[in-house]
Amino acid sequence: MTQRVCILVLAGLLHGCAANQIATDGFRGFPAGARVAVIRPNLKFYRVTAGGVTEPAPDWTHTARRHFDAALATYVARSEIRVSTPDKDRISDALFDFARLHAAVGGTIARHHFGQPKLPSKYQSNTRQHRFDWSLGPGVADLGLQADYALFIYYREYQATAGRVGLSILALALGSPSFWGYQGGFASLVDLRSGDVVWFNHVSASIGDLRDPQGATLFVERLLQGLSGVES
């Protein structure tokens, strides 16, 4: 169910390749000495068959994850922040649960702030102002990540097969909408003391192919742009 919701949310935002970034009023950069735990990216590739069925593409996922991880490591190595990665042997089921929760919350943030419809509880129609007060819940403090913030990353890519492309072109000619595919994702910075999301960035459309080292580098830089600064 969560996967289907994210497909619809992200596909609905496929209107440009510009990054969509937002933060709480109180976040102006990392306080000096702040530690950030980088959670393993929730990254997957799928093939969209002629019948419109999405099938996992583990070969593409493996290649993309390898290049994405390398690009991410390079990015954080040259940043001004102190970064840590949770030990693989100590990753708990609770952390995986929060990664799944982030997928749902992040998809909702992207839809509300950069798409449609707006949530009435987060939007004041008379002033046209949005409330950026999202959270993964205080339970993140119990994960024992030994950091001040956690960086969660979500990415999905749906590539249409040749048969799907052919049917989509035919449907388009007949005036019917058709799902061709999607690539994009989002990143959230979470305050581990409260569980609040203090910074969020959504990137859609074609920035670069993650199955290629250069494409992965371009996407990581766009996804995390503006995050590495330290508050003065």
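**Cavities and burial in a predicted model**

Student: What makes up the lining of the largest cavity, by class of residue?

Tutor: The lining of the largest cavity in this predicted model has 11 nonpolar residues, two polar residues and no charged residues. Tyr counts as nonpolar under the classification used; Y75 is one of the residues nearest the centre of the largest cavity.

Student: How many residues line the largest cavity, and which of them lie nearest its centre?

Tutor: The lining has 13 residues, and those nearest the centre of the largest cavity are Y75, V76, I81, L151 and L227. Two elements, β2 (35–38) and α2 (58–77), each contribute at least two residues to this lining.

Student: What makes this space a cavity, and what is the volume of the largest cavity?

Tutor: A cavity is a set of points where a 1.4 Å probe fits but cannot get out. Rolling a probe the size of a water molecule over the atoms shows where empty space is left. The volume of the largest cavity is about 60 Å³. With a threshold of 30 Å³ or more, the structure holds two cavities.

Student: Which residues line the second largest cavity?

Tutor: Its lining consists of I39, R40, P41, N42, A99, H102, F152 and I153. Two or more of these residues come from each of α3 (93–114) and β9 (149–160). The second largest cavity contains about 30 Å³ of space.

Student: How do the residues of this second lining divide by class?

Tutor: There are five nonpolar residues, two polar residues and one charged residue in the lining of the second largest cavity. Arg counts as charged, and R40 belongs to this lining.

Student: Which residues of α2 are buried, and what covers them?

Tutor: The buried residues of α2 are T61, A64, R65, H67, F68, A71, L72, Y75 and V76. Their cover includes β2, β3 (42–48), β5 (82–84), β9 and α5 (213–223). Y75 and V76 are also among the residues nearest the centre of the largest cavity.

Student: How does the reach of α2 compare with what is expected at 1.5 Å a residue?

Tutor: Helix α2 has 20 residues and spans 28 Å from its first C-alpha to its last, which is close to the expected 28 Å.

Student: Why is V203 called buried?

Tutor: The cut-off for buried is under 20% relative accessible area. V203 has a value of 0%, so V203 is buried. This residue lies in strand β11 (residues 196–204). Its C-alpha is 5.6 Å from that of G184, which is 19 residues away along the chain.

Student: Why does F200 receive the label buried, and what does F200 contact?

Tutor: F200 has a relative accessible area of 0%, and therefore counts as buried. F200 lies in strand β11. Beyond its neighbours within four places in sequence, F200 is in contact with N20, Q21, I22, G106, I109, A110, F114, F132, F186, A187 and S188.

Student: Why does G29 count as buried although it is in a loop?

Tutor: G29 is in the loop between β1 (20–23) and β2. The label rests on accessibility: buried means under 20%, and G29 is at 10%, so G29 is buried. The C-alpha atoms of G29 and L227 are 7.1 Å apart in space, although the two residues are 198 residues apart in sequence.

Student: Why is R100 called partly exposed?

Tutor: Partly exposed covers values between the buried limit of 20% and the exposed limit of 50%. R100 has 48%, so R100 is partly exposed. R100 is in helix α3. Between R100 and Y154 the C-alpha distance is 9.2 Å, at 54 residues apart in sequence.

How values were computed: Residues numbered from 1 in each chain as written. Predicted model: local features only at pLDDT ≥ 70, side-chain atom pairs only at ≥ 80, totals over all residues. Heavy atoms only, no water. 1 Å grid on protein atoms, 1.4 Å probe; cavity = no way out; pocket = protein on both sides within 12 Å on 5 of 7 lines; lining within 4 Å. Points joined across faces, edges and corners; volume = space filled by probe spheres on them. Helix = DSSP H or I, 4+ residues; strand = E, 2+ residues; numbered from the N terminus. Expected span 1.5 Å × (residues − 1). Buried < 20%, exposed > 50% of the residue type's maximum accessible area, 1.4 Å probe, protein only. Contact = heavy atoms within 4.5 Å.
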